[in-house]
Amino acid sequence: MEHLDLSPWRVAHKSVLNLDQFDTRPPDQLPAESDALAAHTKKLSERLNHLQATLHAARSCSVLLVLQGMDTAGKDGAIRHVFSQVSPLGVRAVAFGAPTQEELQHDFLWRVHSKVPALGELAIFNRSHYEDVLVTRVRGLIDQATCEMRFRHIQHFESLLHESGTIILKCYLHISKHEQKKRLQARLDDPNKQWKLQPSDFTDRKLWPHFMRAYEEALSATSSSHAPWYVVPADSKPHRDLFIAALLVQVLEKLDLKMPKSAFSLSEVRLDG
Ligand code: ADP
């Protein structure tokens with residue numbers, strides 16, 4: 001499954017994107033939900049651990065995984081499962097909530113730039129600079145002209161990162177409105193999950209079609225060869241995790257990273273005792 005061709009889910013730059021045409025359910029060529037499927041994701045995650053260790057040792061590039069999606073789309077869950085076998089020393093997850101007063105005094109990329117991965121690092125953005133062209137837009141906090149200006153700023157920002165050695169992958173976790181209803185209901189019903197609920201979960205749900213249109217525009221305007229967007233079918237959690245793990249493994253394998261040689265002559269080392 002790590003050889004699965006993921007190109008059908010990749011967004012072409014400036015394409016006319018219609019998210020209704022992307023299935024939120026897993027593709028037919030993948031097996032149904034099963035222990036075997038979860039075991040396969042675990043295997044990919046173990047492979048990811050090895051690739052991350054090489055990335056860390058080589059320090060020649062960095063990886064940035066951006067996760068976006070509607071509330072309950074599974075950003076937290078994907079991070080938990082896809083990176084379950086990766087050393088906590090090797091990954092850094094950053095969540096972007098509503099900006100603070102201080103952050104609002106700066107340009108919208110100010111708080112983001114300081115969190116990008118250094119060479120050898122793998123960083124995951126749980127929400128990101130894309131909130132500044134999505135939620136802000138849908139809630140009417142910015143106008144169309146500002147949004148288009150921000151698309152340009154994002155493209156330049158991501159080019160800067162790419163040319164500085166960052167591999168960028170962006171995943172939109174695509175769930176249906178029906179699936180979100182089930183997940184919100186599950187949170188309402190479970191006292192251990194109620195803390196996760198925010199009033200905005202319900203107000204944003206009412207704006208679902210507006211969010212879809214904003215996502216379509218943002219993904220199409222900012223998907224590029226060096227920072228592609230993928231529309232990840234996310235109604236099934238195990239398939240969502242498998243997709244993201246397979247994507248990361250495919251991209252990291254292609255880099256063909258090698259463990260560096262020792263920085264000094266090992267033949268001269270004499271162990272005492
Ligand atoms: P999550 O929903 O990701 O689990 P929170 O409950 O902390 O996390 O919600 C974060 C909230 O902050 C979301 O409603 C999101 O839309 C909002 N947010 C994130 N970035 C921005 C931004 N730049 N401007 C306005 N709101 C934002």
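The structure is a predicted model, in which local features need pLDDT of at least 70 and side-chain atom pairs count only at pLDDT 80 or more, whereas totals for chains, interfaces and linings use all residues. Residues are numbered from 1 along each chain as its sequence is written, and side-chain values use heavy atoms, with hydrogens and water left out.

Around the ligand stand 14 residues, where a residue is near a molecule or strand if one of its heavy atoms lies within 4 Å of it. The closest are Gly 97, Ala 98, Arg 127, Glu 131 and Asp 132. Sorted by class, this shell holds six charged, four polar and four nonpolar residues. Here Asp, Glu, Lys and Arg count as charged, Ala, Val, Leu, Ile, Met, Phe, Trp, Tyr, Cys and Pro as nonpolar, and the others, Gly among them, as polar.

For ligand nitrogen, the distance is 3.2 Å to the side chain of Arg 111 and 3.0 Å to that of Asp 132. On its own the ligand exposes 560 Å², of which the protein buries 76%; accessible areas come from the Shrake-Rupley method with a 1.4 Å probe, and for residues only the protein chains shown count as cover.

Arg 111 counts as buried because its relative accessible area is 11%, buried being under 20%, exposed over 50% and partly exposed in between (1.4 Å probe, protein chains only). The side chain of Arg 111 has a polar atom 2.9 Å from the backbone oxygen of Gly 97, and a polar contact of 3.2 Å links it to the side chain of Glu 103. A polar contact is a pair of N or O atoms within 3.5 Å; within protein, one must be able to donate a hydrogen and the other to accept it, and residues adjacent in sequence count only if both atoms are side-chain atoms. Beyond its neighbours within four places in sequence, Arg 111 is in contact (heavy atoms within 4.5 Å) with Phe 96, Gly 97, Ala 98, Pro 99 and Glu 103.

Turning to the cysteines, the count of disulfides (cysteine sulfur atoms within 2.5 Å) is zero. Cys 171 is in no disulfide, and the nearest cysteine sulfur, in Cys 61, is 17 Å away. Cys 171 is buried, because its relative accessibility is 0%, and Cys 147 is buried at 0%.

Two loop residues complete the picture. Thr 72 lies in the loop between strand S1 (62–69) and helix H2 (75–82), and its phi is near 70 degrees, a positive value in a residue other than glycine. With 7% relative accessibility, Thr 72 is buried; setting aside neighbours within four places in sequence, its contacts include Ile 175, Gln 180 and Arg 183. Ser 224 belongs to the loop between helix H9 (208–222) and strand S5 (229–233). Its relative accessible area of 19% makes Ser 224 buried, and its side chain reaches the backbone nitrogen of Ala 227 at 3.1 Å.

Technical notes: Helices (H or I, at least four residues) and strands (E, at least two) are DSSP runs, numbered from the N terminus.
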